[in-house]
Number of protein chains: 2
Amino acid sequence: MTTPARRGRPRSEEADERILRAAHELLVERGYDKFAIDEVATRAAVAKTTLYRRWPTKDHLLVALVAKIQDEVSVPDTGDIRRDLSVYLTAVATGLDRMRHPGRDTGGTDRSAGVVAELVAAAARHPDVGDAVRGMFARRNALPLALLDRARERGALPDDTSSEVLFDQLAGALYYRLLITGAPIGADYVEELVDQALARTGTTPRSERT
Amino acid sequence: MTTPARRGRPRSEEADERILRAAHELLVERGYDKFAIDEVATRAAVAKTTLYRRWPTKDHLLVALVAKIQDEVSVPDTGDIRRDLSVYLTAVATGLDRMRHPGRDTGGTDRSAGVVAELVAAAARHPDVGDAVRGMFARRNALPLALLDRARERGALPDDTSSEVLFDQLAGALYYRLLITGAPIGADYVEELVDQALARTGTTPRSERT
């Protein structure tokens, strides 16, 4: 069997991108529970079979979409771990906040966790979606975990710091507020969180405390 | 108007308890998506109208059930903040772990977040369920937050510790692993988490590190 020669990006990749862009638009316009997967195919101008072959359910499509949104958040490594964590976590928090209530004009009163909550529920209900979600986070979290490893290796974090436990504390606080308590996760909160989590390193907090 | 005299516990409270016990049994036996609210009424031997008047949907009933489970976890205050946090968070983690997959015999391979994920999704979908969930956590979390306040006041935590941020880091790490990464939240993990979060207080970790 011969593989056909390809020039540029494969056609399937282009279709994937059109599908994900269409899904993102529908999500922002209406919210997750207010559009059908068929509408995504129509808007992306791909055959339904193409879409279903790639992502068998709306939940699978959601995982791919969230992965794409995550990949757009860069993980800086300037050598200043406090600053790098603040920048990264602020970007994560901004992304999470945007996903709180896409497509709903609630005047800021709806504090529901929206899309991320749907993702969490889908992961709990369908083992294969769960595997996909956990795989996505494992792949993505490898970047900030490596950032913390490097900071520990150069002595910017105590020797006995577990990168995983520290990252759980930081990312966990954001998701806990998003999904459970509904408390805000703005830039001020992220600064306070990073300062407190890193306070034991003995460096001066970046933000002034009152 | 006169209020009728009451002896002992009001009848409605007894009915509530029977309803919640029946719901808990069905949840453990089958899992959240595998029973109907009418079955709860039948098993609890109450009229459906009684149940629906109290909790209009299965999601509302779930909030009440989780609140009851939370209330069974005590918040010790022995004066040793590290120990008190370990005991409390281990109990929370055990409760969360038990809710991962009630009613499913998955041989320990299913790492889905089960009931808590359903609660999170219901809170995101229905504003009144969301308010009930956030109110439940606000009421419940007041206890560990007061524990941290008292520890700070007696000098067991640094003066500038925010109880809320520290609690977000601790509870957040557990929920993040439960809902997002699927990583285990056993007693060993809780010890490591508490040790690392409190390390800046300068007290010796309770657990030996390898």
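Predicted model: local features only at pLDDT ≥ 70, side-chain atom pairs only at ≥ 80, totals over all residues.
Reader: Thanks! What makes up the secondary structure of chain A?

Author: Chain A has nine helices and zero strands, giving the pattern α-α-α-α-α-α-α-α-α along the sequence. Both kinds of element are DSSP runs numbered from the N terminus: helices are H or I with at least four residues, strands are E with at least two.

Reader: And into which domains is chain A divided?

Author: Chain A is divided into domain 1 (13-54) and domain 2 (74-202), with bounds that come from an automatic or database domain assignment. The C-alpha centres of these two domains of chain A lie 27 Å apart.

Reader: Why is Leu96(A) called buried?

Author: Buried means under 20% relative accessible area, exposed means over 50%, and partly exposed is in between, using a 1.4 Å probe and protein chains only. Leu96(A) has 3% relative accessibility, so Leu96(A) counts as buried. This residue lies in helix 5 (residues 81-98) of chain A. Leaving out residues up to four places away in sequence, Leu96(A) touches Val116(A), Leu174(A), Tyr175(A), Leu178(A) and Ile185(A).

Reader: Is His60(A) buried or exposed, and how do you know?

Author: His60(A) is at 16% relative accessibility, so it counts as buried. His60(A) sits in helix 4 (residues 58-71) of chain A. Setting aside neighbours within four places in sequence, His60(A) is in contact with Trp55(A), Asp128(A) and Val129(A). For chain A as a whole, buried residues make up 50% of the 210 residues.

Reader: What makes Ala45(A) stand out in its phi?

Author: Most residues other than glycine have a negative phi. Ala45(A), however, has a positive phi of about 55° although it is not a glycine. Ala45(A) is found in the loop between helix 2 (37-44) and helix 3 (48-54) of chain A. With 60% relative accessibility, Ala45(A) counts as exposed.

Reader: Where does Ala45(B) lie, in chain B?

Author: Ala45(B) lies in the loop between helix 2 and helix 3 of chain B, and its phi is near 55°, again a positive value in a residue other than glycine. At 61% relative accessibility, Ala45(B) counts as exposed.

Reader: How do you know on which side of helix 2 of chain B the buried residues are?

Author: The buried residues of helix 2 (residues 37-44) of chain B are Ile37(B), Val40(B), Ala41(B) and Ala44(B). They cover an arc of only 100° around the axis, which puts them on the same side of helix 2 of chain B. That arc is taken from the directions from the helix axis to the C-beta atoms. These buried residues pack against helix 1 (11-30), helix 3 (48-54) and helix 4 (58-71) of chain B.

Reader: Why is helix 9 of chain B said to be largely enclosed?

Author: Nine of its twelve residues are buried, so helix 9 of chain B is largely enclosed by the rest of the structure. Among the buried residues of helix 9 of chain B are Tyr189(B), Val190(B) and Leu193(B). The cover over the buried residues of helix 9 of chain B includes helix 8 (163-181) of chain A together with helix 5 (81-98) and helix 8 (163-181) of chain B.

Reader: Which residues touch the most other members of the largest nonpolar core?

Author: They are Leu174(A), Leu179(A), Leu174(B) and Leu179(B), in a core of 136 residues. A nonpolar core is a set of buried Ala, Val, Leu, Ile, Met, Phe, Trp, Tyr and Cys residues joined through side-chain atoms within 4.5 Å. Not counting residues up to four places away in sequence, the residues that Leu174(B) touches include Leu89(B), Leu96(B), Tyr189(B) and Leu193(B).

Methods:
Residues numbered from 1 in each chain as written. Chains lettered and ligands numbered in written order. Heavy atoms only, no water. Contact = heavy atoms within 4.5 Å.
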